[in-house]
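Here's a quick briefing to keep beside the viewer.

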Amino acid sequence: MDVESRLSDLPAWRREGDEIRRTVEAPDFPAAIRIVDEIAVKAEELNHHPDIDIRWRTLRLALTTHDQGGLTDLDFTLAALIDDIAAKHGA
Ligand SMILES: C[C@H](O)[C@H](O)[C@H]1CNC2=NC(N)=NC(=O)C2=N1
């Protein structure tokens, strides 16, 4: 897996060890929760779940594939979906 080349298509994400991470700044707290709610739907569809830290309107998201011991295609697929959801909510 060429992580750096996959990340070049996802400029909001950066690698931190075995994870990729991004911050999402929502317009307000309700929007942040709506973003989390939509991410939850995709996470269930993919059976792949981000770590999410919610602080007022700031979300910190981390993706990795624990059961494969590192980053996989699923992490980059979910990252792109999260970007779409965030953009749709003005984040
Ligand atoms: C049993 C089930 O497939 C695993 O627990 C899945 C669920 N969602 C997951 N999500 C993430 N991010 N990493 C995993 O390794 C993972 N494993």
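Start in strand 4, where Ala 62 is the bridge partner of Asp 51. That pair belongs to the antiparallel pairing of strand 3 with strand 4 (residues 58-63), which runs over five bridges. Keep in mind that this is a predicted model.

- Four strands make up an open sheet, in the order 1-2-4-3, and the pairing is antiparallel.
- Strand 1 (14-16) and strand 3 (51-55) sit at the edges, so each of them pairs on one side only.
- On average, neighbouring strands here are turned by 25° against each other, if you ignore direction.

**Other strand pairs**

- Strand 2 and strand 4 are antiparallel partners over six bridges.
- Within strand 4, Leu 59 is the bridge partner of Val 24.
- Strand 1 pairs with strand 2, again in the antiparallel sense, over three bridges.
- Look for Arg 14 and you'll find it opposite Arg 21 of strand 2.
- Strands 1 and 2 form a hairpin with two residues between them.
- In that turn, Gly 17 has a positive phi of about 65°.

**Helices 2 and 3**

- The axes of helix 2 (residues 29-46) and helix 3 (residues 73-88) come within 10 Å, crossing at roughly 150°.
- Because of that angle, helix 2 counts as roughly antiparallel to helix 3.
- The crossing of helix 2 past helix 3 is right-handed.
- From helix 2, the contact uses Ile 35, Glu 38, Ile 39, Lys 42, Ala 43 and Leu 46.
- From helix 3, the contact uses Leu 74, Thr 77, Leu 78, Leu 81, Ile 82, Ile 85 and Ala 86.
- Sorted by class, the residues of this contact are ten nonpolar, one polar and two charged.

**Helix against sheet**

- Helix 3 lies across strand 2 (19-25) and strand 4.
- Relative to strand 4, helix 3 runs at about 165°.

**Around the ligand**

- Which residues surround the ligand? They are Asn 47, His 48, His 49, Leu 63, Thr 64, Thr 65, His 66 and Asp 67.
- By class, this shell has one nonpolar, six polar and one charged residues.

Conventions:
Residues are numbered from 1 along each chain as its sequence is written. This is a predicted model: local features need pLDDT of at least 70, side-chain atom pairs count only at pLDDT 80 or more; totals for chains, interfaces and linings use all residues. A residue is near a molecule or strand if its C-beta atom, placed from the backbone, lies within 6 Å of it. Ala, Val, Leu, Ile, Met, Phe, Trp, Tyr, Cys and Pro count as nonpolar, Asp, Glu, Lys and Arg as charged, and the others, Gly among them, as polar. Axes are lines fitted to C-alpha atoms, for helices over the stretch in contact, and angles run from 0 to 180 degrees between N-to-C directions. Angles under 35 degrees count as roughly parallel, over 145 as roughly antiparallel, 65 to 115 as roughly perpendicular and the rest as oblique. A crossing is left-handed if the near helix is turned anticlockwise from the far one by less than a right angle, and right-handed if clockwise. Two residues are in contact if their C-beta atoms, placed from the backbone, lie within 7 Å.
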